[in-house]
Amino acid sequence: MDHRGHRRETNADDLTVARAHKNETGAKPRVLFVSHETTLSGAPIQLVHLAVWLQKAGWEICVATPDEGPITEMLAAAGVPTVVEPTLLTDLAHARLRALCRDFDVIVANTIASWPAVRAAHLEGRAALWYLHETLVAVRLIRAIPEMAEALRLADLLVMPTQQTAGIYEGFTHAPIEVVPYGIPRPAVLARNESAFTRFLTLGSFEPRKGHDVLVEAIERLDPTVRERCVFKMAGRVLDEAFFKKLQTRAAAFPQVELIDALDHSQALTLLNETDVVVLPSRDETMPIVILEAMGLGKAVVSTNVGGVREWLRDGMNGLLVAKENPDELARALAVCAGDQEFVRQFAAAGRRTFDRHFTLDRFASRFAELLRSLSHRRHELRTKEASAYDKWIALFDTPTPATQAVMRRQLRALRRPPLISIVLPVYNPEMEFLRAAIASITNQIYERWELCIADDASTDPEVRPFLEEISRNDARVKLIFRSRNGHISACSNSALELATGEWCALLDQDDAFAENALALAALEIEAHPEAGLIYSDEDKIDENSVRSNPFFKTDWNPELFLGQNYINHLGVYRENLLRQIGGFREGFEGSQDYDLALRVIELLRPEQVRHIPRILYHWRMVSGSLAAIPDAKPYAKEAARRAIADHCQRCAMPGTVVPCPENTESHRVIHAVPEPAPLASIIIPTRDGLALLERCIESIVARTDYRRFEIIIVDNGSVEDKSFSFFRRAERENIARVLSETGPFNYSRLNNRAAARARGEILVFLNSDTEIDESDWLTEMVSHAARMEVGAVGARLWYPDGTLQHGGVILGLGGVAGHAFPNIPRRHPGYFNRAFLQQNCSAVTGACLALRKAVFEELGGFDEENLGVSFSDVDFCLRGTARGYRVVWTPYANLIHHESASRGHQRTPDEQALFLKEAGYMQRVWGARLMHDPFYNPNLSLNLPGFEIAFPPRWFQSRNVAATRQQPWLLQSQP
């Protein structure tokens, strides 16, 4: 065992001896707990309680941490085997963790920061239980650290202390989630000094999220006579010095307030015994263990209503709940406790009963033990659907056979002009094992007309140069240049580019790998599309053992999405003369140099010259990040990306600003400028009675829209209720809206066409009456896109009232004719590779909220009221627009609530159902081929609802269409 940095560790022989004394039943799995911290806070304390309980019950366990602290001391005192290794969670290869995992059946990662333990367990084939306690901080970390989000998909089971916490994680993983409330030994009741004062205690680290400042403000607002009867103590570790100093200054005005720096657990329990009321003024809290200790000791509790506190206080039955950051409400609760001792005693007794029924250590640990045992037995069944599906997909459709290789070689021999492809490979101090694999992936290519252009950026590793020179001696196609000084990735890539003599250049990173058919399919695509200038493929990830996962099946060229994320990335193949023309890679954009390169290349191309091969041709090696990999630790990559996007927008005369994507700061948002003067937007709302919906819709527009140049046109289609007519008259009298009357059967297309003809605005916004504005900048966002000359239609992000997604753009062929992307995902869920967070082009958007220029609407002849009076008219309109060369944009930055079909309902009668089938049939006749080939939805993804799952088989598999294969050479007859 490697003892570097080791302080205290259980000897390997001790574990062997312990194993010999395993419980006779053999039913208890061996469990390794991994925790990133050893401080006296809730999560580590729960680990101690659980580990000690399990060991006493005869389980073989071990706890591993990166440092010593009060928790390791408590474990040692209880005789629990402990491993302390400083590099435990920071070693990129997880070597120490993986070695430990091999000796255990179940690995428990304790807290969000222990995510490397989940990866190590996965790599070693062990069951992984992730015990998660964090809420808002977890969301920030998951978005900042890609490996953490991936670990959530690798875990076999997630365990959380509250339903509130569970709700946070549901959108990030498909892994099962269990809620197990904390449990602790009943705290010891100590002798206490009686006091004439009401004694309040706050236990928790000093940092803004704990809300001590709010408590001080509440104390300040107490009536002085009440305050004089109170004593307030606040104790905990100082995690934010500036916050603590400000708190000291404010608290100094009140002799009743005492601030106490870090204290040990026994001192904290002494304070608890001597207090009357425990106060938690937190801004963000989920499972403050002090609540359980207070209830166990029979103390009253006052807490802000954050996280899972409501669950622990049984919706306020066993403590006072107040709104967070509301000092007035908190002051009232303090005053009640100070003025009514009987009230305090009643709450204390209720809390003690709750503790006995729900939060004892035996109850908690027994449930946890049951989950550990069950997980050990059914590990394979708990593996995520995605991972197992991809393994199966690879075996069936992406594993070369002699037959498929023979077909491809035959196609390659038929090439009229086989292109020379130069692979650009910058190298600097690589992991030699990975570099060998990267180069082997080139030398093993089916297509042989390539050259490998390697530039070494003054590597200091003495192994690098001899290895590269040997490779070059053995294969004349390998070219080398050794830079005399380190210039970083852009300069090194340009040095490699100088060696290139091919017509095309492909980019490779030193620890990644090409699929063996990568260059072959690229060459065939070049032959089929000689006008192409940039070709890219799908990609996946490989781990240290070259195990594949996380396939990224991409959209065809999607210019709007490309401004939010560099989805081209790998494999990227560029026409060489274009790279020369733009001057290669730009220095100063390191970290996003490939993104900047692609942005500058596409400016020289027409959309049809950017080609996508929907096959996995590149394997991107996962090099795990560290605990320090928070968003601002290495900000240069995303900052460089935003500078590159801003430069691109400026060069393309596309005014606007580039900012972080608010829901994922690693991605980007372009805020397009609204023209000056701002165009008038005509908001068209068809209705028939349903006044409650219509009023809510219009009131939300008037009250919550910051874009003020709009008019509202209500199209009344046969209302009969007096209250509807009263509202129409008032709307016109008060200049809220114009009302048009259209009689006859409901025909969505006709109603909107008539209103559009009467609209005064340059921008038309078609809006359902059952929508409600959710964010004030919705119309600004939609107008900023609709006003762009290349855009033909703009759609919004619509939510159901329960907070799940209704509309994320329209996917052709999904479920039949067309379907909504990402139906029913919760807020904060990224969708497929963050697409629910990002502006993007799609084939169509829903007419429930649709914006466009009136000139475009007239050019396309409006909605088809003859063939599509009720359904699919929006999809048909968008398809006619894209056929004319217009783009359809879906934006997640225009958010509305949609009470879908609340005004008209779904097809209920036989006549309505017959009409729906007739209109669906019309769409299939007119757009049939297009419906099966949505360019913004990958053919490797299923058309079965809800979508974005791997297709079995993919739609390129076993093509028999020779003409199609010539244009799309990846449509190979690939059957085994």
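In what order do the six strands of the open sheet lie, and what is the pairing? The legends below start there. This is a predicted model, in which local features need pLDDT of at least 70, side-chain atom pairs count only at pLDDT 80 or more, and totals for chains, interfaces and linings use all residues. Residues are numbered from 1 along each chain as its sequence is written, and side-chain values use heavy atoms, with hydrogens and water left out.

**View 1. The open sheet runs β10-β9-β8-β11-β12-β13, with parallel pairing.** Strands here are DSSP runs of E with at least two residues, helices are runs of H or I with at least four, and both are numbered from the N terminus. Two strands pair if DSSP finds at least two bridges between them. At the edges you will find β10 (257-260) and β13 (320-322), each pairing on one side only. On average, neighbouring strands are turned by 20° against each other, direction ignored. Take a look at β8 (residues 198-203) and β9 (residues 230-235), which pair in the parallel sense over six bridges. Phenylalanine 200 stands opposite phenylalanine 232 in β9.

**View 2. Helices α12 and α15 lie across strands of the sheet.** Helix α12 (residues 265-274) lies across β8, β9, β10 and β11 (277-280), running at about 150° to β8. Axes are lines fitted to C-alpha atoms, for helices over the stretch in contact, and angles run from 0 to 180 degrees between N-to-C directions. Helix α15 (residues 327-339) lies across β8, β9, β11, β12 (300-304) and β13, at about 160° to β13.

**View 3. Helices α6 and α7 cross at roughly 105°.** The axes of α6 (residues 136-144) and α7 (residues 146-154) come within 5 Å. The two helices are therefore roughly perpendicular to each other (65 to 115 degrees). Leu141, Ile142 and Ala144 in α6 meet Pro146, Met148, Ala149 and Leu152 in α7, where contact means heavy atoms within 4.5 Å.

**View 4. Helix α9 (residues 212-221) is mostly covered.** Seven of its ten residues are buried, meaning under 20% relative accessible area with a 1.4 Å probe, protein chains only. Among them are His212, Asp213, Val214 and Leu215.

**View 5. Trp393 is one of the residues with the most contacts inside the largest nonpolar core.** This core has 67 residues, and a core is a set of buried Ala, Val, Leu, Ile, Met, Phe, Trp, Tyr and Cys residues joined through side-chain atoms within 4.5 Å. Its largest share, six residues, comes from helix α27 (residues 593-602). Leaving aside neighbours within four places in sequence, tryptophan 393 is in contact with residues including Phe553, Ile616, Asn940 and Trp956.

Key. Angles under 35 degrees count as roughly parallel, over 145 as roughly antiparallel, 65 to 115 as roughly perpendicular and the rest as oblique. Buried means under 20% relative accessible area, exposed over 50%, partly exposed in between (1.4 Å probe, protein chains only).
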